[in-house]
Amino acid sequence: MISKKLRKTILACMVAAVSIPAQAASHGTIGNIEVRGLNRIALGAVLLSLPVKQGDTLTDEAVAQSMKRLYQTGDFDDVRLSMDGRTLIIDVKERPTIGNVSFAGNKQINQDTLKGVIEQQGLRPGEPLNVQTLSEIQRSLVDFYHGAGMYQASVKPVLTYLPRNRVDVKLEFSEGIAAEIEQINIVGNHAFTEDRLLAQMQLRDDVPWWNFVSNQRYDSQKFRADLESLRTYYLNRGYVKFEITGTSVEITPDKKGIYLTINVNEGDCYTVGKTSLRGDTLKYGDLLQELISIEEGDTYSASAVTANEKALQNLLGKFGYAYSRVHAFPTFNEEKKTVDLEFSVEPGSRVYVSQVFVKGNTVSDDTVIRRELRQMDGTWLSSEAMEMSKNRLNRTGFFETVEVNPTPAGSAPDTVNVEATVKEQPTGSISGGIGYGTDSGIMLQGGISQNNVFGWGSRATLMAYRNDYRKHSEISYVDPYFTIDNVSLGGTLSYDSFDGDDADVVNYDNKTLALEFTTGYPITENMKVDYSLGVKRNKLKNDGRIFAQGEYFWKMVGKEGKRTGSFIDYTAGFSFERNNLDRTVFPTSGSMQTLSLMATIPGSDLQFYKASVETDHFFPIDDNHDYVLSLRARAAYGDGYGKKHGQEQYLPFFENYYLGGSQWLRGFDHNSVGPRATYLRNGYSVSGGKGAWEESDDSVGGNALWAVSVEFSVPTPFISEAYRNQVRTAIFYDAGALWDTHGDTISGSYGGKDYNKPSQYRSSVGVAFKWLSPIGPLTFSLAKAVKKYSGDSTQVFNFDIGGQF
C-alpha cells in the first residue's frame, strides 16, 4: 500500500519530468547548477542532496531521483527542475519555519503533556512546517484525548503566516465532558468476588461521596495497568494458567459514559511441589538452600518466586558476584496441580570496586552523600550494599531521583567503578494546619522547615500552634551526622503558655521558656536512643480558687501564701525507641515500644523525675490484613526526690499526668479521670482545718497511671474493598487508672479523698471510625463508660479532625 506522501512525491516528479524541454530528456551534460528560491536553506545543503553534479549527463531517471531527494529533506513545499542551455535550474519553495506553537482550550490535560505528543511528530519551534502532517498530528491529539476518557474532544490547528517565511501554529481544543465509567464487569471469575478484584484496580465505577478527590474517569493507560494488576493478583494466589481472554470498552451514544468488560479464564489453583538448586553454587550451596523460603504445599505465588530469585542473587552479590543470575524453572504436574521449582544458579565472576564517584549534587556536600553509601572503594561489588546505599539516600528526602550503578573501570572485566548519581529536589517547606477536636477545640498550626541546611544534611524548623488552652512555639536544629559514627546533635528553643482552666483542669497559668540539647544514635535499623540536657524556666501563677494540692506545692517550695513564682530547672533525659511497624498510618502488623526517662538535676529549684513506657502491637488475623487485633499499653510514674526548705519533694502538680479523652480512655471527658481538686471554702483560711476544704469535680491529675486499649479492626460496612486502606472501623475496649501516691499525705493535711488507689480503674467499650481523608486523619468514636465512679464526667461521642495545607 503506497502512502499518501509517497504518491504525492511520485506525481510531482512525473509532472516535473514532463515540464522539462525535449532536449533535457536527451543525454545533455550539466555545465552549471543554479538553485533559486533559497532563504533559510544553505546552497551547499541542496547540492549535497542532489544525485547529480556538474559534468554529469542529465537523464529522466536523474531528474526523478533529484526531485525525490529534495522532497525527502522535508524542507520544501514545491520543487521544479528545468534546463536553460547547459544550466540546470532548480526552483524551490521553502516550507515556512515554525515560530511558535501555542495551545488554547486545554483545561483537563496540561500543556507539557500535549507538547510531548506533538514534538514526537516534529511539530516544534524552529522546524519546517509540513502542512500535510498537521492532519496526522490532529488525529494523534484526538486519540490521546480519547485515551484519557474524553471522547467529545476535537482539535483545530490555526496557522498564522508571518514575514520572512515564518508561521505560528495554534492548536485550539474543545475538550467537552470527560466520559465516566458507568460499570466495570468481570466475567469468568469464580475464585474471587468481583468486589475483591475491583479493589485491585485504579479505575472505579463507583466513588463514595466522602472521597471527593477521586473520580470515575476512564484512562486507557490505567486500564492497561489494571489488567496487569489483575494478572498479578491471580498469579500470586496459585492461578498460574490465568489469562485475560478479552476486554471491551463500550461508549454510550452521548459519549459521556463507558462500560468496561473484562473476560477472564482463571484456570486451576496450583501448589508448590519440590524445590531444588542446580548450577554452580560455589561454596554457598547450603546457604542458598536455606534461603529458599518457598515450602512444599505452599500456594504458588509468582511474587514469592521472584523474591526468592532475588534473595539468592543478592546472597551471591553480597560476596562479590554482582552479575550472578538466578532463574526458577517450573515443572507442572497437571494431575496433582503442583509446580516443582528448580532454581538455576549462574554466579559469574567476582567483581571488585576501584572507585566510588558522586555525581549530580549541586547543593548537598559530597560527605552528605558518601556517609549514606554502604558500597566502599577497594571491596567486592555487593548488590546488597548498592541497594542499601540507594535506599538510604532516598530516605534522606534530599533527592528527587537516586541511582547507584556500576560502570566499567578500564579494560579489566573484574573491576568496576560505582557511580552514585542524584538529582536534587527542594528540601524546604512552609506548612499550615487547622483542626478541631472535642478535647482541644480549634487548633491552628504553622511552620517553616529546611531539611538540608547549607547542603550539610542538617534540619532546621520554626513552628507554632495554638488551641483552646495552649500556645506553643519553637525553633530547632539537628545535625543527624554530627560525627561519622551517625551520632546526632541538636537543640530546641521553645516557649509554651498553658491555661489550666481552659484545659478542664484546676485553674492555674504556666509560662515555660526552655532550651534543650539532644544527642542520639541508632542501635539497629529499627532501634535508637536519645539523650538530652536542658534548662527551663516555669513562671507559675495560681490566682483562681485555692486548692489543696496547689497549697502543698507552694509550701514545698517555700512560697506558702504567695501562689506565684518562677522556677529554673536543669533537666537530663533519656529515651529509647524500637519500631518495626509495617507502616506509619493504619499499621496492620508489627510493634513499637518507647521508653522515656527525665529528671531535674540536683541544684534545680524543683527536684523531680518522670518515667513512662508505651508499647503498641498489631496482629493481622487474615492474609489480607482486613481483620487486625491491636493492643496498646502505657504506664507512667513521677515523683520528687530529696528535701528542700525542710519539705519532702513531690512531683509538682503542673507536671502531673492526666487521663481521659480521645488518646487514652475514650468514653470519658478530656483530662477528667483521677484525683480531684480539694478547694478552700469561701470565708475560710488555709489553716482552718479539714472543715475548710470541700471536694470538687475539677481534675488535678496524678503522678502515676496505667492504661490499656484493645482494638479489633474490621472492614468498614458499605465501603468498597478499594478504600479499606483509607477507612478503618474498630471495636475497642479501653481501661486505665490515674492516682496520686501522695494522696494520703495531702488528704491528711487538708482533708478530702485519698486518691492513692491504683486499683480504682475506669473502663469503656465502643466503636471507632478512622478515615485517612484528603485533608488529614479524621477519627470518630462512640463509647460507653462501663466502669465509672461517682462524679466522673463521661463523653459518648468524640472526634478529631486535622490536616495540612
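Q: Is Arg-762 buried or exposed, and what is its relative accessible area?

A: In this predicted model, Arg-762 is buried, with a relative accessible area of 5%.

Q: Which residue forms a salt bridge with Arg-762?

A: Side chains of opposite charge can pair when their charged atoms come close. Here Asp-792 is the partner of Arg-762, and the closest N and O atoms are 2.9 Å apart.

Q: How many salt bridges does a search of the whole structure find?

A: The search finds 26 salt bridges. One of them joins the side chains of Lys-359 and Glu-419 at 3.0 Å, N to O. This pair links distant parts of the chain, with Lys-359 in strand E15 (residues 352-359) and Glu-419 in strand E17 (residues 415-424), 60 residues apart. Lys-359 is partly exposed, with a relative accessible area of 39%. Asp-496 and Arg-470 form a salt bridge as well, with 2.9 Å between the closest N and O atoms. In that pair, Asp-496 counts as buried at 11% relative accessibility, while Arg-470 counts as partly exposed at 24%.

Q: Where do the buried residues of helix H4 fall, seen down its axis?

A: The buried residues of H4 are Ala-62, Val-63, Ser-66, Met-67, Leu-70 and Tyr-71. Seen down the axis, these residues fall within an arc of 165°, so they line one face of the helix. On the other side of H4, Glu-61 and Gln-72 are exposed. The length of H4 can be checked too: at 1.5 Å a residue, its 13 residues (60-72) should span 18 Å, and the end C-alpha atoms are 19 Å apart, which agrees.

Q: What is the volume of the largest cavity?

A: Rolling a probe the size of a water molecule over the atoms shows where empty space is left. In this structure, the largest cavity has a volume of about 140 Å³. Among the 14 residues that line the largest cavity, the closest to its centre are Tyr-650, Leu-651, Phe-653, Asp-740 and Ile-746. The lining comprises 8 nonpolar, 5 polar and 1 charged residues.

Q: Which element gives the most to the lining of the second largest pocket?

A: Strand E23 gives the most, with 8 residues. The second largest pocket has a volume of about 1100 Å³, and its lining has 13 nonpolar, 15 polar and 10 charged residues.

How values were computed
Residues are numbered from 1 along each chain as its sequence is written. This is a predicted model: local features need pLDDT of at least 70, side-chain atom pairs count only at pLDDT 80 or more; totals for chains, interfaces and linings use all residues. Side-chain values use heavy atoms; hydrogens and water are left out. On a 1 Å grid over the protein atoms alone, a cavity is a set of points where a 1.4 Å probe fits but cannot get out, and a pocket is an open set with protein on both sides within 12 Å along at least five of seven lines; lining residues have an atom within 4 Å of a point. Grid points are joined across faces, edges and corners, and a volume is the space filled by probe spheres set on the points. Ala, Val, Leu, Ile, Met, Phe, Trp, Tyr, Cys and Pro count as nonpolar, Asp, Glu, Lys and Arg as charged, and the others, Gly among them, as polar. Helices (H or I, at least four residues) and strands (E, at least two) are DSSP runs, numbered from the N terminus. The expected span of a helix is 1.5 Å times one less than its number of residues. Buried means under 20% relative accessible area, exposed over 50%, partly exposed in between (1.4 Å probe, protein chains only). The arc is that of the directions from the helix axis to the C-beta atoms. A salt bridge is a side-chain nitrogen of Lys or Arg within 4 Å of a carboxyl oxygen of Asp or Glu.
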